[in-house]
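Subject: Structure handover

Hello,

Here is the structure for you to look at. Please open it beside this email and follow along.

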Amino acid sequence: MEGLTEKAVRRNALVLSCAQALGGASPAIVISLGGLVGQTLAEDKALATLPVSLYNLGLALGTIPAAMLMRRLGRRAAYMLGAAIGVVAGLLGAHSITSGAFALFCVATAIAGLYGSCVQSYRFGATDGADPAFRARAISWVMVGGLVGAVVGPQTVIWTRDAIAGIPFAGSFVGQAALALLAIPVLMMLRGSVRPAAEQSGGRSLREIASSGRFVVAVIAGIVSFGMMSFVMTAAPIAMVACGHTVGEAAMGIQWHVLAMYAPSFFTGRLITRYGKERVTMAGLLLMAVSGTIALAGLTVAHFWLSLVFLGVGWNLGFIGATAMVTDCYRPEERTKVQALNDFLVFGSVALASFSSGKLLNAAGWETINWLLYPAVAAVLVPLLWQWGRTARRQAA
């Protein structure tokens, strides 16, 4: 979407923020209800969380096809198609609950993950045609929409879970479909929908781009920020209940965590503009390490809640900073394939974390989950410090 005026770029960022508020509600619905519906429908109760894991897997696997569609059709058409897929996923989910078909419900959540892969790309779409100084703020604007989605999703569950008499939660997936449908006219307002001429040529090969130190550091920072956050967050409610806390207290802890994930987006972009991408990313990773320290210090409700808040804020700074770093790694003609590779690696790690977190919690305990934060954070801090120092020396020269 090169050639856009500054006004059009800002308009696109606001449009995608609104679309994020609607699309961001989808994972909140799937994740909050997937296990409950799975427990009701699955004959083998050990498979109850499979729908949630398949959502994350669908999100990871959808990144490459979504990028191909964007490259061929442009972002607006691809995003609208993604929202249409979200409508299908919600209706299929409601139908599978009504008919008691667990396998079909798993298919529905995997399809919802495909929609999620388009939604996750909104943060990159907001940077198209943007001045480098505005990119971090554009990403933050989209993430603010995620804050709204994190509220809209659970409220949709509350308002619609008994909408279809005698079939709990089927109405919530109809609500998911309705939110995806509402996103389509919002996405129609995007400017620069025609595939830019710059996309016609392929640019450098992915191997060449992926071998650059800057890209490697950015991807690893994104993987650790999102992967470890998902890893700990998935285990936290189970650990709280195992420690004698109520389900309500566990749910409240996750609510505070989600608010902490998105609320800093109001100022994260400005922090990046002032202090730099590497510094903000490092600060986020350090806050995630602090969350582990708090969790290891005790097992009271306050320890769980405070650690989840620090984990959420750390994720926000680390993930937005890493995303902003990725935008420095490609030329306009390379953006869709590089963004897709980044998201495939990041959300592939999230899917892996979703599959493994509960098993590791049962095998090794809550303390081990949090101890693992330290080596993961350290593995990113070292190259980040090197890159930051290199950038500082270049600017001083």
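The largest nonpolar core has 115 residues. Which of them touch the most other members? They are Tyr122, Phe173 and Trp366. Helix α10, residues 213-242, gives this core its largest share, with 16 residues. As background, nonpolar side chains in soluble globular proteins tend to be buried together.

Keep in mind that this is a predicted model.

Now zoom in on Phe173. What does Phe173 touch, leaving out residues up to four places away in sequence? Its partners are Ile29, Val30, Leu33, Val37, Gly90, Leu91, Gly93, Ala94, Ile97 and Phe105.

Next, look at Phe169. This residue lies in the loop between α7 (132-160) and α8 (170-187). Its phi is positive, at about 80°, although Phe169 is not a glycine.

Then the cysteines. How many disulfides does a search of the whole structure find? The count is 0. Cys106 has a relative accessible area of 7%. That is under 20%, so Cys106 counts as buried. Cys329 also has a relative accessible area of 7%, so Cys329 is buried by that cut-off.

Last, the confidence. The mean pLDDT of the chain is 88. A pLDDT of 70 or more is reached by 95% of the residues. Where is the pLDDT below 50? Look at residues 193-198. Beyond near neighbours in sequence, this stretch has 13 contacts in the model.

Best wishes

Note on methods: Residues are numbered from 1 along each chain as its sequence is written. Side-chain values use heavy atoms; hydrogens and water are left out. Helices (H or I, at least four residues) and strands (E, at least two) are DSSP runs, numbered from the N terminus. A disulfide is a pair of cysteine sulfur atoms within 2.5 Å. Buried means under 20% relative accessible area, exposed over 50%, partly exposed in between (1.4 Å probe, protein chains only). A nonpolar core is a set of buried Ala, Val, Leu, Ile, Met, Phe, Trp, Tyr and Cys residues joined through side-chain atoms within 4.5 Å. Contact means heavy atoms within 4.5 Å. pLDDT is the predictor's confidence in each residue, from 0 to 100.
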